[in-house]
Amino acid sequence: RQNVLTNLFAVEYATWFELVLPGLSASNVPLPLGGTSNHFRTDVLRRLGGWDAFNVTEDADLGMRFARAGYRTVTADSDTLEEANSRLWNWVRQRTRWNKGHMVTYLVHMRRPLRLLREIGLRGFISWQLVVGGSVLTQLLNPLFWGLLIVWYTTSWASLRPLFPLPLLYTGNLLVFASTSAYVVFGALACLRNRHYYAAPYALLLPLYWVLQSFATYRALFQLVFSPHHWEKTEHNLLTEEAVRKSGWLD
């Protein structure tokens, strides 16, 4: 509850941990692990070689290696407290690292796509394309598509007309606004589901949050080329006493 950014962080995490990860777990497809709270069978962890020291999201990579080795990862019905990032540039650096790590993880496991398909099956393969590859690609394309849409509606620029025949224009409009609305609704519902009622209204600001995500993703793409193993440290312990008191966790 510290500021707008932390509330949006709460919406994002509620969606991820209340909807996406349980859905992936129930579908028995690879889970891109996060660093919040994981519990491992250490014999399996050692057998697979532990963490990749050159991957800045080594947990997501490890989740995929578990799946490729025939193991299943499931979500537990529990809560883990985590400090939401409350400073904008600190958030950008953190998100840059996450997105760069997802790019590296995707590229590493897609070196032999047919082998990957055999190891995790068609459903797991499609899920991997959508959840990891698709999320990065969406964040890269999002500014381009929104920019084209805004230019079209504000100028009706003649050069854009060949790109927007009417059937495509209407279909595109429907998909953009329907999917955006669905994302906002799911974000609000996820907050209600895990009793973060205060954060639910901030789901309306998710399209603006995507602008920040896209900026961090382009930054990640630049680093992927020039400094793929550089780890941008996230500064922690930025929460205020008032925010902790509002959260109710002190009770």
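Is F9 buried or exposed? In this predicted model, F9 is buried, with a relative accessible area of 3%. Y13 is also buried, at a relative accessible area of 19%, a value that falls under the 20% limit for burial. Both residues belong to helix α1 and stand 4 residues apart, about one turn of the helix.

The structure holds 9 aromatic pairs. F9 and Y13 make up one of them, a tilted pair with 4.7 Å centre to centre and 35° between the planes. Ring pairs also bring in F17, so that F9, Y13 and F17 are linked into a cluster. A further tilted pair is formed by F222 and F226, with 4.7 Å centre to centre and 40° between the planes. These two residues lie in helix α7, which covers residues 206-226, and they too are 4 residues apart, about one turn of the helix. F222 counts as exposed at 53% relative accessibility, because the limit for exposure is over 50%. F226 is likewise exposed, with a relative accessible area of 60%.

Helix α1 spans residues 4-26 and also contains L19. At 33% relative accessibility, L19 counts as partly exposed. L19 takes part in a nonpolar patch on the surface, together with V185, F186, L189, L192 and Y197. The accessible area of these residues together is about 570 Å². The most is given to the patch by helix α6 (residues 166-193), which supplies 4 residues.

Helix α3, formed by residues 58-68, is mostly covered, with 10 of its 11 residues buried. The buried residues are E58, D59, A60, D61, L62, G63, M64, R65, F66 and A67. Their cover includes helices α2 (42-47), α4 (88-109) and α5 (113-155). Just after α3, G70 adopts a positive phi of about 95°.

Helix α5, which is part of the cover of α3, is also the place of Q129. The side chain of Q129 is joined to that of Y106 by a polar contact of 2.6 Å. When residues up to four places away in sequence are not counted, Q129 touches Y106, M110 and G134.

Note on methods
Residues are numbered from 1 along each chain as its sequence is written. This is a predicted model: local features need pLDDT of at least 70, side-chain atom pairs count only at pLDDT 80 or more; totals for chains, interfaces and linings use all residues. Side-chain values use heavy atoms; hydrogens and water are left out. Buried means under 20% relative accessible area, exposed over 50%, partly exposed in between (1.4 Å probe, protein chains only). Contact means heavy atoms within 4.5 Å. A polar contact is a pair of N or O atoms within 3.5 Å; within protein, one must be able to donate a hydrogen and the other to accept it, and residues adjacent in sequence count only if both atoms are side-chain atoms. Patches are made of residues with over 30% relative accessible area and no salt bridge: like charges are joined within 9 Å, nonpolar side chains (Val, Leu, Ile, Met, Phe, Trp, Tyr) within 5 Å. Accessible areas come from the Shrake-Rupley method with a 1.4 Å probe; for residues, only the protein chains shown count as cover. A salt bridge is a side-chain nitrogen of Lys or Arg within 4 Å of a carboxyl oxygen of Asp or Glu. Rings of Phe, Tyr and Trp (its six-membered ring) pair if their centres lie within 6.5 Å; planes under 30 degrees apart count as stacked, over 60 as edge-to-face and the rest as tilted.
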